Amino acid sequence: MSESINPFEVALKQLETAAKYLDLDSGYHQILANPKRVLTVSLPVKMDDGSIRVFTGFRSQHNDARGPCKGGIRYHPGVTIDEVKALSMWMTWKCAIADIPYGGGKGGIICDPKHMSVGETERLTRRYAYMISDIIGPLTDIPAPDVYTGGKEMAWIMDTYSIVKGNFVQPEVITGKPLPLGGSLGRNEATGRGLAFTVREAAKKLHINMHDATVSVQGFGNAGQFASKLVQDQGATVIAASDSKGAVFNREGISVDALVKHKQETGSVASFPGSKSISNDELLEMDCTILIPAALENQITDSNAKNIKAKLVAEAANGPTTPEADDILYKNEIMVIPDILANGGGVTVSYFEWLQNLRREYWTEEEVNNRLDKNITKAFLDVYDTHQKFNIDMRKAGNVLAINRVVEAMKLRGIWP
Ligand code: NAD
């Protein structure tokens with residue numbers, strides 16, 4: 001894995017490539033190359049031992065031409081301003097591809113949540129929520145969970161925002177909330193479910209019979225587990241899976257339910273009964289039909305792309321493939337369903353959660369899943385048509401489609417004053 005790759009440089013490079021296909025005006029290109037607003041906040045927190053520690057947080061709002069900014073908040077020691085800026089740009093494209101009325105945002109705090117108590121995490125979260133409260137809001141910027149944040153943090157942010165902004169409950173300021181606070185049914189599974197819908201559609205285009213398909217999954221976490229379960233339900237056989245503690249393989253097939261249970265009981269997929277232990281490289285380079293990277297960034301690079309044997313790579317993780325690797329995969333006729341399309345199910349159901357909150361009404365899980373299927377299937381077909389029209393890979397096609405939609409909105413709105 002190439003740790004030194006700057007994600008914002010990758011994002012700019014992708015923008016530049018898409019701009020060429022669209023013959024994009026340099027003024028609009030410049031607007032899109034710079035987030036609309038990036039806020040850096042300094043966050044003093046009383047730690048449990050009585051000391052005060054000052055953390056740094058960010059919120060980047062890349063573009064809001066099509067609607068309020070939308071994007072998660074991550075807690076990680078490796079968070080950088082460039083990472084947050086890149087992720088906010090990718091959120092703009094992701095929302096445009098999904099054709100939901102949002103722009104792109106992202107937030108992050110440089111911290112190590114694994115070594116903080118619940119009380120310290122709550123105080124940090126509330127301080128951050130307060131410090132960004134002037135730029136977020138139900139109609140301006142709606143955050144969500146990301147790496148090492150979840151329902152608990154979203155509840156604290158909703159509570160803090162609601163208190164400081166008028167002291168009435170405003171669930172629509174944030175998504176990914178627990179169900180009793182206005183979360184949506186189906187949100188937990190949404191990323192994996194959306195990914196499985198894109199795999200189903202890609203399989204039709206590639207003439208893959210899902211009953212003959214084998215699947216290798218890197219990262220058996222939230223997205224990876226649900227994606228595995230749902231492609232298995234479509235008839236595919238999962239033959240390899242990994243997490244941070246190990247990777248397992250069984251050519252005859254691994255029962256996803258049994259592997260989930262094993263991971264719940266032991267904390268890892270490692271030592272799953274009947275399976276063979278393999279390396280991360282072996283998992284990625286597995287002789288399989290579908291590879292699902294669902295863990296980290298920069299996993300498929302120019303050094304291992306030529307060894308990828310899957311016919312289809314469906315990116316649950318954000319940024320698992322480098323631009324150089326993309327070119328190699330395309331040359332080798334491997335279709336990549338890019339992250340901004342493949343994992344768009346998460347933000348799509350976040351949008352459904354926001355709609356339900358604004359209307360103070362709640363949908364059944366079936367309704368959520370059916371609407372998700374309709375949205376993601378259309379998004380896949382839109383990207384696929386663009387890929388065919390321009391004769392470019394699916395990632396470039398996704399970017400071209402998204403940028404075109406955003407620029408169209410900017411042109412219609414005009415540049416004020
Ligand atoms: P998660 O923490 O639930 O799961 C991540 C998994 O990856 C864990 O099982 C972890 O052990 C594993 N992992 C970590 N390092 C690894 C390594 N070196 N090799 C193999 N496995 C490793 O997170 P998640 O929510 O499933 O998110 C996974 C990816 O999907 C991230 O890139 C995230 O940004 C992206 N994503 C998630 C969502 C969502 O709604 N969950 C939405 C969009 C994108």
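A cavity, on a 1 Å grid over the protein atoms alone, is a set of points where a 1.4 Å probe fits but cannot get out, and its lining residues have an atom within 4 Å of a point. Grid points are joined across faces, edges and corners, and a volume is the space filled by probe spheres set on the points.

The model is predicted: local features need pLDDT of at least 70 and side-chain atom pairs count only at pLDDT 80 or more, while totals for chains, interfaces and linings use all residues. Residues are numbered from 1 along each chain as its sequence is written, and side-chain values use heavy atoms, with hydrogens and water left out.

**The whole chain**

Along the principal axes, the C-alpha atoms fill a box of roughly 60 × 55 × 45 Å.

Buried residues (under 20% relative accessible area, 1.4 Å probe, protein chains only) make up 59% of the 417 residues. Of the contacts (heavy atoms within 4.5 Å) between residues at least 6 apart in sequence, 69% join residues at least 24 apart.

**The largest cavity**

A search of the whole structure finds two cavities of 30 Å³ or more. Next, colour helix H1 (7-22), helix H3 (81-98), helix H11 (339-342) and H14, each of which supplies at least two lining residues. H1 gives the most, with three residues. By class, this lining has six nonpolar, seven polar and three charged residues (Ala, Val, Leu, Ile, Met, Phe, Trp, Tyr, Cys and Pro count as nonpolar, Asp, Glu, Lys and Arg as charged, and the others, Gly among them, as polar).

**The second largest cavity**

Now select Leu87, Trp90, Met91, Lys94, Lys106, Asn318, Asp339 and Ile340, which line the second largest cavity. H3 and H11 are the elements that give two or more residues to this lining, and the largest share, four residues, comes from H3. The volume here is about 50 Å³.

**An open site**

A pocket is an open set of points with protein on both sides within 12 Å along at least five of seven lines. For the second largest pocket, select residues including Ile31, Lys36, His62, Asp64, Arg413 and Trp416. Strand E2 (52-63) and helix H14 (394-413) are the elements that give two or more residues to its lining. This pocket has a volume of about 300 Å³, and its lining has five nonpolar, four polar and three charged residues.

**A last stop at asparagine 357**

Finish in helix H12 (residues 344-359), the place of asparagine 357. Is asparagine 357 buried or exposed? Asparagine 357 is buried, with a relative accessible area of 0%. Leaving aside neighbours within four places in sequence, display its contacts: Pro171, Glu172, Ile174, Lys177, Gly182 and Tyr362.

Terms used: Buried < 20%, exposed > 50% of the residue type's maximum accessible area, 1.4 Å probe, protein only.
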